[in-house]
Amino acid sequence: MTAIALPAISPAAPAAVAQGPNTVPAASSPPAPQSPGTPGPGPGTSAPPATSGPPPNSAPPATSTPEQPGAPTYKQPQLPESKPGAGTPEQPGAPASSDAAKSPGPQQFGPNTQRETEDRIAALGVPEAEKQKLRDGLAKAIAAINDSATKPADKAAFEKAVDGINVALKLSQAQGATPAEKAMYEKVASTLASAVQDAQDSKTTPSDRDEQLRVVSIVGDTLKVIADRVTPPQDRATYSTIVHAISEAMAISLDPGTTSQNKSVHRFLMISLATNLSALQEPRTDTVDRAILIKFAESLAAGFLAGLNPQTAPKNAQDREAITKALEKIAGEAGQASATLQDPQASPEERTAAQQKLVSLTSAPAAAQSGTPPNAPPNAPPVAPPGAPQNSKYPEFLTEVKKYNPPAACLDVIDRRTAQVGWPDGSLWGLSDDACAATLLKAGRENTGTWKVLFTCVRDQPFSTCLTYIPKD
């Protein structure tokens with residue numbers, strides 16, 4: 001897999017787009033927000049104390065990631081060039097204001113911040129070793145920030161890492177945070193600390209370090225938007241989903257027990273999600289483009305997280321691996337389309353094709369001749385949004401499933417997994433869900449046609465081994 005270098009980091013925060021964590025947004029979105037306002041109860045930004053320690057050496061930009069034998073090559077879209085000290089993004093198409101053009105200036109890390117951060121770490125209900133990992137990551141980041149030899153781009157990245165850790169901890173301890181939110185934000189803070197440590201490890205390759213700090217920086221920016229009390233709740237939910245997925249992919253890639261191939265796949269997913277978040281913070285990104293990009297990133301994130309959640313993940317390890325590979329393929333196919341939407345030189349025809357490509361990657365396939373109304377009978381084929389891929393087998397598959405009176409929850413999970421992961425991998429993942437258990441049992445027992453073998457296989461075997469039983473035209 002080939003990854004295009006990620007450019008230098010800017011302190012600008014990304015724009016928010018309103019959608020829930022598991023929903024598909026409409027083809028429109030609000031403009032990018034201005035600089036974050038006063039945080040609400042709990043969330044905010046502060047940073048830990050400075051401690052001694054050498055800053056990392058500056059690394060050359062990433063050029064590629066190791067490829068596995070026989071693996072496809074996917075190009076990663078390039079993040080827009082920006083420099084430390086750049087202003088906050090304005091609304092799309094708006095001229096830069098004098099306030100936005102001003103640099104926020106260097107951050108200060110004093111004893112009050114040290115006490116606040118240490119108190120928040122001490123209040124965590126996690127093992128002492130986990131608390132120490134947070135302290136160590138913060139200490140290394142602040143040492144680099146305070147060292148005059150640290151290059152501006154690196155300093156900006158470490159500042160955002162510190163901000164991200166602190167904001168994540170505050171979000172986890174905010175009044176009203178659910179247990180799931182608390183655990184998620186604690187994990188995000190821990191992963192950011194691990195990323196800082198890994199970035200300064202002599203065994204980390206320059207390209208990995210360069211990419212990692214840029215992703216950390218984007219996450220830090222996004223956490224500040226989530227914590228801002230003026231950010232709409234739906235925007236917070238959307239960005240939380242994407243940040244959660246980036247954090248999980250990063251954690252897997254940093255785990256010493258992760259295989260080389262798995263590390264490569266998860267870094268690729270991490271960078272793909274972060275690249276789209278970076279595009280969302282670019283004020284020149286068209287409103288419609290932003291909606292499409294957020295839809296893609298959110299769908300990819302939701303599918304990835306569903307594959308990790310014990311309650312929704314495939315039960316078989318072989319199936320889990322197949323889903324991860326399918327998501328990697330989707331991210332790879334989206335790379336050029338995302339880059340085209342960020343290219344000011346792209347022609348209208350190229351932009352339209354890129355938009356349609358991204359929509360197709362997050363839509364269930366439709367029959368070549370579609371038109372099912374909302375009150376259609378149970379066995380009517382589905383309709384996908386404009387730009388969805390044309391594939392006669394998915395509607396045919398769904399028509400067969402509907403013959404056995406599946407509950408709404410079964411049809412919903414099939415449609416959702418198909419939109420997230422595609423046909424046939426996502427569709428069979430949905431069919432294997434517990435919500436479809438009774439339907440699948442009935443289909444395997446009563447079907448006497450060409451789909452019987454597929455239904456029986458999904459019922460009894462890992463669904464990733466059943467693709468060969470999909471009836472041929």
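1. The crossing of H5 and H7 is left-handed. The contact is built from Asp 208, Glu 211, Gln 212, Val 215, Ile 218 and Thr 222 on H5, and from Lys 263, Arg 267, Met 270, Ile 271, Ala 274, Leu 277 and Ser 278 on H7. Sorted by class, the H5 contact with H7 holds 6 nonpolar, 3 polar and 4 charged residues.

2. Some geometry for that pair, and a reminder that we are looking at a predicted model. Helix H5 covers residues 206-227 and helix H7 covers residues 260-280; their axes come within 10 Å and cross at roughly 45°. That angle is why H5 is described as oblique to H7.

3. Now the overall picture. The chain has 15 helices and 0 strands. Of its 473 residues, 52% are buried. Among contacts in the chain with a separation of 6 or more, 76% are between residues 24 or more positions apart.

4. The crossing of H9 and H10 is left-handed.

5. Which residues make the contact between H9 and H10? From H9 come Glu 333, Ala 334, Ala 337, Ser 338, Thr 340 and Leu 341, and from H10 come Glu 350, Arg 351, Ala 354, Gln 355, Lys 357 and Leu 358. The contact of H9 with H10 divides into 5 nonpolar, 3 polar and 4 charged residues.

6. Please also check Thr 150, in the loop between helix H2 (128-146) and helix H3 (152-172). Is Thr 150 buried or exposed? With a relative accessible area of 7%, Thr 150 is buried, because the cut-off for buried is under 20%. A polar atom of the Thr 150 side chain lies 2.5 Å from the backbone oxygen of Ala 144.

7. The loop between H11 and H12 holds Asn 405. Asn 405 is not a glycine, yet its phi is positive, at about 50°. In general, most residues other than glycine have a negative phi. At 59% relative accessibility, Asn 405 counts as exposed.

8. Pro 407 is also placed between helix H11 (393-402) and helix H12 (408-421), in the loop. Its relative accessibility is 38%, so Pro 407 counts as partly exposed. Leaving aside residues up to four places away in sequence, Pro 407 touches Ala 435 and Thr 439. Pro 407 and Cys 436 are 29 residues apart in sequence, while their C-alpha atoms are 7.6 Å apart in space.

9. Finally, where in the chain is there a cis peptide bond to inspect? A cis peptide bond joins Trp 423 and Pro 424, with omega at about 5°. Pro 424 sits in the loop between H12 and helix H13 (425-431). For context, most peptide bonds are trans.

Key: Residues numbered from 1 in each chain as written. Predicted model: local features only at pLDDT ≥ 70, side-chain atom pairs only at ≥ 80, totals over all residues. Heavy atoms only, no water. Axes fitted to C-alpha atoms, helices over the stretch in contact; angles between N-to-C directions. Helix = DSSP H or I, 4+ residues; strand = E, 2+ residues; numbered from the N terminus. Parallel < 35°, antiparallel > 145°, perpendicular 65-115°, else oblique. Left-handed = near helix turned anticlockwise from the far one by under 90°. Contact = heavy atoms within 4.5 Å. Nonpolar A, V, L, I, M, F, W, Y, C, P; charged D, E, K, R; others polar. Buried < 20%, exposed > 50% of the residue type's maximum accessible area, 1.4 Å probe, protein only. Polar contact = N/O pair within 3.5 Å; in protein donor to acceptor, adjacent residues only side chain to side chain.
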